[in-house]
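Look over the sequence and the model first, then read on.

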Amino acid sequence: NKVSKKEIEELRNCYLSSLDLALKAGLNSIAFCCISTGEFHFPNDLAAQIGVETVREFKKNHPDSPDIIFNAFKDLDYDLYKNLLGS
């Protein structure tokens, strides 16, 4: 199954909506549980890439935004996020 542009945009908007709410609420941090990695026919690597790119863009545009944590349950996801984040 191929991921559509609409599905990619929906995932991106999921992150953006959450980040916007966290910023407006004055939160110090927010954690994401690797949204859509391996679920809803999203490939893990694409879902991780969308998440990291969206968060980076948001942080760039909102330097006062909360700290962001990606919580990985699977070793595969941990490795994907680690590589994407350069840690």
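Is S36 buried or exposed? S36 is buried, with a relative accessible area of 13%. The cut-off for buried is under 20%, so S36 qualifies. Bear in mind that this is a predicted model.

**S36 and its surroundings**
- S36 sits in the loop between β1 and α2.
- Leaving out residues up to four places away in sequence, S36 touches L11, F42 and A47.
- S36 and E7 are 29 residues apart along the chain. Their C-alpha atoms are separated by 10 Å.

**Helix α2 on its own**
- Helix α2 covers residues 44-61.
- α2 has 18 residues. From its first C-alpha to its last, α2 reaches 26 Å, close to the 26 Å expected at 1.5 Å a residue.
- Several α2 residues are buried: N44, A47, A48, I50, G51, V52, T54, V55 and F58.
- What do the buried residues of α2 pack against? Their partners are α1 (5-25), β1 (29-32), β2 (67-70) and α3.

**T54, a buried residue of α2**
- T54 lies in helix α2.
- Its relative accessible area is 3%, so T54 is buried.
- T54 touches R12, Y15 and L16, again not counting residues up to four places away in sequence.

**How α1 meets α2**
- At what angle do α1 and α2 pack? The angle is about 40 degrees, and the axes are 10 Å apart.
- That angle makes α1 oblique to α2.
- The crossing of α1 past α2 is right-handed.
- On the α1 side, the contact residues are I8, L11, R12, Y15, L16, L19, D20 and L23. On the α2 side, they are L46, A47, I50, G51, T54, V55, E57 and F58.
- By class, this contact of α1 with α2 has 11 nonpolar, two polar and three charged residues.

**How α2 meets α3**
- Helix α3 covers residues 75-85.
- The axes of α2 and α3 come within 10 Å and cross at roughly 40 degrees.
- α2 and α3 are therefore oblique to each other.
- α2 passes α3 in a right-handed crossing.
- Which residues meet here? From α2 come N44, D45, A47, A48, Q49, V52 and R56. From α3 come L76, D77, L80, Y81, L84 and L85.
- The contact of α2 with α3 divides into eight nonpolar, two polar and three charged residues.

**K82 in α3**
- K82 lies in helix α3.
- Its relative accessibility is 35%, so K82 counts as partly exposed.
- How far apart in space are K82 and E57? They are 18 Å apart, C-alpha to C-alpha. In sequence, K82 and E57 are 25 residues apart.

**Residues to find in the model**
- Find A47 in α2. A47 is among the buried residues of that helix. A47 takes part in the contact with α1. A47 also takes part in the contact with α3. S36 touches A47 as well.
- Find L11 in α1. L11 is one of the residues that meet α2. S36 touches L11 too.
- Find V52 in α2. V52 is buried, and V52 is among the residues that meet α3.

How values were computed: Residues numbered from 1 in each chain as written. Predicted model: local features only at pLDDT ≥ 70, side-chain atom pairs only at ≥ 80, totals over all residues. Heavy atoms only, no water. Axes fitted to C-alpha atoms, helices over the stretch in contact; angles between N-to-C directions. Helix = DSSP H or I, 4+ residues; strand = E, 2+ residues; numbered from the N terminus. Parallel < 35°, antiparallel > 145°, perpendicular 65-115°, else oblique. Left-handed = near helix turned anticlockwise from the far one by under 90°. Contact = heavy atoms within 4.5 Å. Nonpolar A, V, L, I, M, F, W, Y, C, P; charged D, E, K, R; others polar. Expected span 1.5 Å × (residues − 1). Buried < 20%, exposed > 50% of the residue type's maximum accessible area, 1.4 Å probe, protein only.
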